[in-house]
Amino acid sequence: MSGPAAVITGVGLTLPDSVGDVTDLFDVSASERGLFDREAGLRGRGMRHKDRASRLALRAARSALGDAGLLDAETFTGPAERTAVVVSSNLGNLDSVCSFVDIIARETVTGLSPLGLPHTSSNAVAGWVAIQYGLRGPNVTVCNGSTGGLDALFWARTLVAARRSDVAVVVGTEPDTEPVARLLRQQDSGPAFDGAVAVVVESAEHARHRGVRARGVLAGYARARDLSAAITAARGLDPRPVQLLDAETFTTRFGYCCGALGVLQCAAGATRLGRDDIDAVLATIGTAAGAEAAAALLLARAEGVA
Amino acid sequence: MTGRRVLITGLGAVCCLGTGVEAFWRGLCAGGGHAEPLADPHAHMRSPLMYQVPLPDVPAEPRRLGHVRLGAGPRMGVAAAHEALTDAGLDPQARRRLSVVLGVELGNADMHERRRSSAATRVDPRRGSDEVGALSCPEDGGRWVPLTVTAPAVAAALGATGGAVSLGDACAASGYAVGFAADTIRAGAADVVLAGGAEGISRVSVGAFNRLGAADPVRCRPFDRHRRGTVFGDGAAMLVLESAAHAASRGRVPYAELGGAGWSCDAYHPTAPEPEGRQVVRAMRDGLAEAGLAPEDIGAVVPHGTGTPLNDAVESRALRRVFGDRCQRLPLLSLKAMIGHTGGAAGAFGCLAAALMLRHGRVPASPPLEDPDQECAVFVPQQASVPLSPSAVLVNSYAFGGNNVSLVLAGRQGPR
């Protein structure tokens with residue numbers, strides 16, 4: 001892809017405490033991974049009248065922006081009009097929609113809470129993140145099934161390459177609500193992921209101008225009908241050996257991550273590049289069978305990126 | 001970015017005006033359609049009006065994607081996509097390589113709502129009389145019916161393997177989809193992309209706007225002093241976007257060039273537009289700049305124009321800031337007064353109308369305003385169509401969350 005290269009300059013996690021120590025996957029500090037009283041952090045100022053997906057996302061976004069050096073206390077210090085928000089979530093507002101369907105059938109629309117209405121729109125999470133930090137660039141929501149997280153990173157990269165944005169906050173968020181739990185039981189998909197992850201994607205020149213470290217560069221991405229084709233296309237002619245970040249590792253550890261999966265993989269990769277002489281990581285979603293969409297994202301060390 | 005030019009070479013549509021692009025244009029020139037009450041027995045609300053696709057125009061196929069039964073929205077999306085690809089004359093190889101980028105807000109919502117309200121006792125003919133009363137959905141094996149199946153359903157029906165993407169940017173979704181599709185082509189990642197949107201009927205959406213006091217009980221009346229909100233419509237609009245080089249290699253004559261797009265976010269309020277319209281103005285100016293056009297190069301505007309009191313006032317003021325006094329003679333097509341607010345498909349319908357206006361060189365007359373709002377100092381032709389000159393059209397699309405996108409379409413003889 002032509003245009004400015006897109007690098008990762010910040011990572012933020014809001015993971016369930018129950019997953020325990022994740023330092024084997026994420027080489028991040030405690031503050032970055034959200035090792036705080038998580039439920040308390042999802043309440044209070046700025047969290048009222050928001051659905052769980054939005055609250056989880058706001059915590060992760062805050063950590064990522066802080067990690068990228070783009071926050072002064074709670075104030076965003078980057079280029080607001082050139083900062084995008086890209087959110088991937090498939091089940092984020094399922095609880096709101098189910099609840100509204102029930103209420104309208106049972107009580108008519110007069111039973112609906114106007115404060116909850118925004119959450120029937122799938123882009124509510126992206127809207128809240130933009131409002132919280134005054135981010136006025138492109139605001140995008142991807143509802144794209146299992147590959148949504150990697151797709152969101154691709155769109156962020158495209159926004160940077162097209163010079164529509166200098167910075168993009170990419171968030172993957174999936175809440176463990178009652179309708180989600182019921183859905184996953186029906187699908188026999190195992191336990192739900194209940195968390196959010198955010199990465200800050202930035203044009204390489206903007207990061208360099210700010211003097212911040214690039215954790216990695218988004219070097220390749222592809223979607224295909226089967227995984228081998230996606231991997232081949234994403235790697236292109238890059239000769240470097242890669243460490244594989246396959247979907248199963250994360251799903252086994254964190255539950256059914258759904259739209260957050262690809263962002264989780266990318267966050268893990270970004271924090272590990274350079275450690276143990278890892279030059280490149282490859283995040284993969286999908287199977288060789290081609291029954292569902294497959295995607296692959298190549299993340300490489302950023303040294304020398306123009 | 002490669003700077004490759006992006007052309008629109010195929011169109012497809014299903015809406016309250018009927019099936020097909022010809023029916024759409026004919027319907028616009030005849031003054032548009034009419035809103036009718038929903039036949040949904042659970043639509044417990046003051047104003048259950050929608051501009052609805054006539055029942056015979058709702059395709060019966062495809063019924064499923066995998067285990068998922070498809071509602072009217074995805075099925076109309078497939079029909080419009082087939083029309084657009086046929087219109088573009090794409091060969092089988094190009095169809096296989098095709099990427100699909102759709103903006104869909106409601107998606108398969110009618111299927112979801114039906115399951116959720118499975119204790120229904122009345123029959124809704126639009127939704128399938130044999131299925132409304134079912135207490136469970138044994139046909140699905142008890143499995144979930146996801147909302148966002150439209151893009152993969154369209155890709156599967158077309159045999160397109162270049163990736164299917166669903167954008168969920170609420171009512172600006174397909175406007176964003178068209179912009180993304182163009183960026184994908186400009187980046188050299190694709191030669192041909194199908195972009196658009198498709199929406200069925202959703203009780204939740206109509207109900208939510210009722211609860212907000214933003215559902216007009218009469219009809220959709222953008223820029224009228226007595227407007228009381230929007231009125232939704234269902235349907236699908238699809239556009240084939242193609243690099244200029246690829247279109248030239250096939251000898252295709254485009255409808256228009258997608259010259260530029262401007263994107264912004266109000267970052268102000270989850271549902272209300274920012275009153276000063278600063279980011280709306282920025283999106284329009286950025287779109288014009290990317291297209292290399294000045295405001296005086298634009299011959300008409302398809303505004304977002306929903307009929308909600310605040311949106312129309314803010315957008316009118318923003319147009320005034322961009323176009324100045326020329327607003328008094330710059331014709332607007334009040335599309336939502338003719339086909340309703342088609343939700344996530346609205347931006348694509350705006351582009352569809354713009355492409356046809358460029359092809360025909362005219363701006364159709366919009367339904368008469370009974371009492372033009374002085375707060376909305378814009379020109380909406382109502383008596384007769386007017387010539388389109390210069391040959392370029394600006395399309396605005398906005399959404400909850402403050403998502404704004406402005407797209408600039410230029411004709412073949414346009415200023416560029």
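In which crossing, left-handed or right-handed, does H9(B) pass H10(B)?

## Basis of the model

This is a predicted model, in which local features need pLDDT of at least 70 and side-chain atom pairs count only at pLDDT 80 or more, while totals for chains, interfaces and linings use all residues. Residues are numbered from 1 along each chain as its sequence is written, and chains are lettered from A in the order in which they are written.

## Helices H9 and H10 of chain B

H9(B) passes H10(B) in a right-handed crossing, that is, with the near helix turned clockwise from the far one by less than a right angle. The axes of H9 (residues 278–291) and H10 (residues 309–323) of chain B, lines fitted to C-alpha atoms over the stretch in contact, come within 9 Å and cross at roughly 45°.

## The side of chain B that touches chain A

In the contact between the chains, 49 residues of chain B face 48 residues of chain A. Elements of chain B that each supply at least two residues to this side include helix H4 (109–116) and strand S12 (256–265), and H7(B) gives the most, with six residues.

## Nonpolar core

The largest nonpolar core has 265 residues, and those with the most contacts inside it are Val129(A) and Leu409(B). Helix H12 (residues 346–360) of chain B contributes the largest share of this core, 11 residues.

Notes. Two residues are in contact if their C-beta atoms, placed from the backbone, lie within 7 Å. Helices (H or I, at least four residues) and strands (E, at least two) are DSSP runs, numbered from the N terminus. Axes are lines fitted to C-alpha atoms, for helices over the stretch in contact, and angles run from 0 to 180 degrees between N-to-C directions. A nonpolar core is a set of buried Ala, Val, Leu, Ile, Met, Phe, Trp, Tyr and Cys residues joined through C-beta atoms within 7 Å. A residue is buried if 20 or more other C-beta atoms lie within 10 Å of its own, exposed if 12 or fewer, and partly exposed in between; C-beta atoms are placed from the backbone.
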